Amino acid sequence: EVAPLDPQKMLPSGSTPMLAVRCGTAARPAVLTSQGSSISTPLSRSSVSSGSARHRRIATALAAAAVQPFCRRKRHQARRTVCRVLAAEEGEFAKPFPFSAVVGQEEIKLALLLNLVDPSIGGVMISGERGTGKSTTVRGMVRLLPEIEYVEGDPYNSDPQDVSLMSEEVKERLEKGEKLKTTKKRTPFVELPLGATEDRVTGTIDIERALKEAGKAFEPGILARVNRGILYIDECNLLDDQLVDVLLDSAAGGVNTVEREGVSVRHPARFVLIGTSHPDEGDLRPQLLDRFGLTCSIRTALAAEKRMEVLSRAYEWSQSPEKIEAQWASTDEAFKDLVVDARERLKDVKMPRELALKISKVCSKLNVDGLRGDIVTNRAARALAALERRTEVDEEDVRRVTVLCLQHRLRKDVVSDTLDNTALVVKVLLQEFGKGPPPVRPVMRFLEPVAA
């Protein structure tokens, strides 16, 4: 017989109270024991079935960890397994590769930085071959995310100042004259798995509990956690159509609505959508593609020196990640400070009327449907000027971002037209400005001191 395993000793601080209420009894936390091959636990069938999917997965992980051998090494492995489950439920993952340490991929880095400065740009879609560092670069952006202020205890990251980003519960508290207690945390970064169900994304309503408690009994989903944050979808062209519809609804209105059996719940769900895909694995639905503000197409580096540099840095990361982190930590922190400063400066950046008119002429000549192309190009140019510590957009800013903003908006036939329409955009830029896009420059230049 194996000695009882106390979850209080193996879970991170802060997790035990939740488990004590949802997975155990009011008097004591759930303690899992094992006799032979069977597991006995204080979890009743009703308590597990009435809990959310999140708590059922945690309870399953605890039960699996309870069946542990006598050796200390295996016991530590069981504890790490539970911690990984809990970390995954909170949207965390292993330490990401430093953003600044990524070799090349300057267009991707620029697009990500522009979205950090102005989230209203609408995200970025990155298309490229396998193994080109798309996901690595996106996940490395986590190190640049600034902190946000939110109402303490609110599962929707409600903004204490902006009413449009408040949940209904916070609005009610505010109307009653209650003083909202706030705290800060890192901007949410949530990765949406391809196999996620609709309930997992939108959240669920426990009808039985709602009837018993005369309330809504809503269990928030991924869209609640990612409000005011970043939602990342790897291989988004393989995403289920049902989930695409959910994302389109939330992206269009910035609100997630869940309705089950006459019970309705609404909460803010405003996020920056970032996706990566391989072009040979299928196309994105045009409606979803149009929601991305910027698009980048990348290819494998052919220069032997570049490939060798990538290989060397990847090997160093696998052997001693602490060394790479220490080497690039200050640079990532400098980018983070730059993003915060650029956000403050953005409201003072002006777009000259003649440049705004030229942007509209370019969109007109390219026969871009709608006005989203005009709007996004204006916003991206202003964000670029803010990154370069300027208060007025110049012609080079516009030429630099136009391809990123418009190349995916020219597809009239999704069967024959390609995602990369760079040549068409460059042709119109030459007609309107007399010059094409400027040469690609490393984003490290943003950190250089501004000349007096």
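Buried means under 20% relative accessible area. The legends below refer to a predicted model.

**View 1. Strand β10 and its burial.** Strand β10 spans residues 229-234. Of its 6 residues, 5 are buried, and the strand is mostly covered.

**View 2. Pairing of β10 with β7 and β13.** Strand β7, residues 189-191, pairs with β10 in the parallel sense over 3 bridges. Within this pairing, F189 has I230 of β10 as its bridge partner. β10 also pairs in the parallel sense with strand β13, residues 271-277, here over 6 bridges. I233 stands opposite G275 of β13.

View 3. In soluble globular proteins, nonpolar side chains tend to be buried together.

**View 4. E388 in the loop between α17 and α18.** E388 lies in the loop that links α17 (372-387) to α18 (395-406). Its relative accessibility is 18%, so E388 counts as buried; the cut-off is under 20%. With neighbours within four places in sequence left aside, the residues in contact with E388 are D397, R441, R445 and F446.

Note on methods
Residues numbered from 1 in each chain as written. Predicted model: local features only at pLDDT ≥ 70, side-chain atom pairs only at ≥ 80, totals over all residues. Heavy atoms only, no water. Buried < 20%, exposed > 50% of the residue type's maximum accessible area, 1.4 Å probe, protein only. Helix = DSSP H or I, 4+ residues; strand = E, 2+ residues; numbered from the N terminus. Pairing = 2+ DSSP bridges. Contact = heavy atoms within 4.5 Å.
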